[in-house]
Amino acid sequence: SRPAQDPTLDDARSLLSRVWGHADFRGLQSQVVDEILAGRDVLAVLPTGGGKSVCYQIPAILRPGLGLVVSPLIALMTDQVEALKQQGVAAARLDSGVSLDERSAIWAAARSGDLDLLYVSPEGLAAGAMMDRLAELPLSLIAIDEAHCVSQWGHDFRPDYRNLGLLAERFPNVPRIAVTATADARTRDDILRSLRLEQAKVFVDSFARPNLQLSAERKESASRAKTDARVIELVRERRGKSGVVYCGSRDGCDRVAQALRDAGTNAIAYHAGMDTKERDRRLERFLAEDGAVMVATIAFGMGVDKADVRFVIHADPPGSLEAYWQEIGRGGRDGEPAEGITLYGPSDIAWTLRRLDSRPMAEEVKQVQVRKARQLFAMLDGAVCRAQAVRRYFGETEAQPCGVCDICGDPPLLYDATVPAQKALAAVQRLGGRFGRGRIVDHLTGRTKAVQPWEQQLSTWGIGADISPNGWRDIVDHLLFEGLLVEDPNDGKPLVGLGDGEAVRAVYKAERKIEVRRVPAGYDAGTRSGNP
Ligand code: ADP
Ligand code: ZN
């Protein structure tokens, strides 16, 4: 039971309206705040824009002592601290950009009890000296922002977050709260274990974002020029609105930004190849100028709080459904409608896998990341409501179709391509991973001059003459998206092999049905599902 003088939820509400100007808490905020006010540990998984920061800021102010906030990015800290100061809250940050004089002033304020919130980086905290100084102060709580960074299963792993488990030992009597917008069940478990939050109450809010209208388009070809042209078209159709275009590489980012400027839009490139000052300048412009379009790599994002982003376009798809939802989620934070449009193609999978392969990660972790990437592509090339697919992935098994995405708005005709899929898989099996996508289609249709004598003796040679090469390309690509076929990521001209053995067997036995969206040209498609 709580001592009578402890702050109550009513105190929290009046602070919320007095300092933040919000009439009341929303969603799970009040429950989370109540738990922290009572001095208990919490893991709060709230969607982007869900208002995670007030969940710990308000209890930090109301409870006696200094509230410590661990935050992964300087830009994020700066934004939050500046906003708090403007609202009259005594907040400060200690990061590499703070001078020695400022540091002493901040510690002095902390010691005299004049500081409500102190933001620090995980690196700064890991240095040790800071922990010692903090141990001398009364702490109201410790908040760990973007807590998914602690997990290798997440998409944003930061090794320094691993040390934050130490906080449990150093500050056993201080309530700790971990917040994040993205955590599947596995990441959640990892957060609880790594941060030693075994006792924490876990809150997971709905991931529904009804104001987001999602869609995905298969790229017509692997040609960059064609993808750029499509991006320009999409942006020009939304002229005057502010938006974000995500690109997979710095080069791509510079190129697309230039192409957009040439096409008369106010496009700003943003990536980690620019120094911090330059990036800050570009961020300021994006926030200040009307109709600005940020063309960015994933370096842009965490903590960006521009309310009126009306569209988010992925010129290249992200690496997982978590990253997808987080990036798309930067649109429509004001609650007004916003669009999320993702362009994807088979070469993007190969690229994603190649990039994963080059990262220094344990094999086990790599496998998880590969699976996450495949789940994203299967969703993009699938025929399930986008929002429903994402929410189910996050554990909302009861999520219903959103009614506004491209799939809901225009349910695709689905064609049963199980038999052609069996032929394609059999061909790849017989070819033993010797051919790339194009040559597999040649083999199936039997339309090639490059045929080799041994190839002609295989039972699968020309087995698919009834389907046009384009039709086969669609099917082979879909099998790649579903992970039934895999492209060897290490190969410059990737060779295609069979994917997961069990999944492939299920297709052979017709236990798993393969449905494609476009009718394979020349093929008598048989059963149709979806709308007639
Ligand atoms: P997150 O960190 O979860 O993405 P923020 O904490 O940045 O979200 O909050 C997102 C926006 O929602 C901010 O503009 C914030 O002021 C606003 N907000 C937070 N809580 C409430 C509330 N209870 N009512 C209305 N607006 C809120
Ligand atoms: Zn939908």
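D190 forms a salt bridge with R193, with the closest N and O atoms 3.5 Å apart (a salt bridge being a side-chain nitrogen of Lys or Arg within 4 Å of a carboxyl oxygen of Asp or Glu). Buried means under 20% relative accessible area, exposed over 50%, and partly exposed in between, using a 1.4 Å probe and protein chains only.

This is a predicted model, so local features need pLDDT of at least 70 and side-chain atom pairs count only at pLDDT 80 or more, whereas totals for chains, interfaces and linings use all residues. Residues are numbered from 1 along each chain as its sequence is written, chains are lettered from A and ligands numbered from 1 in the order written, and side-chain values use heavy atoms, leaving out hydrogens and water.

Back to the salt bridges: the count comes to 32. Helix 10 (residues 224-237) carries another pair three residues apart, R230 and E233, whose side chains meet at 2.7 Å, N to O. R230 is partly exposed at 25%, and E233 is partly exposed too, at 41%. A pair that links distant parts of the chain is E482 with R512, 30 residues apart, joined at 2.5 Å, N to O. There is also a network of salt bridges, linking R218, D381, R437, D474 and D477.

The zinc ion (ligand 2) is held by the SG atoms of C385, C402, C405 and C408, at 2.3 to 2.4 Å. Donors are N, O and S atoms within 2.8 Å of the metal (3.2 Å for Na, K and Ca), and water is not among the atoms, so sites may look incomplete. Along the chain, these donors follow the spacing C-x16-C-x2-C-x2-C. C385 lies in the loop between helix 15 (363-380) and helix 16 (386-393), and C402 in the loop between helix 16 and helix 17 (406-409), so the pair ties together parts 17 residues apart in sequence. C385 is buried at 4% relative accessibility, while C402 is partly exposed at 31%.

Conventions
Helix = DSSP H or I, 4+ residues; strand = E, 2+ residues; numbered from the N terminus.
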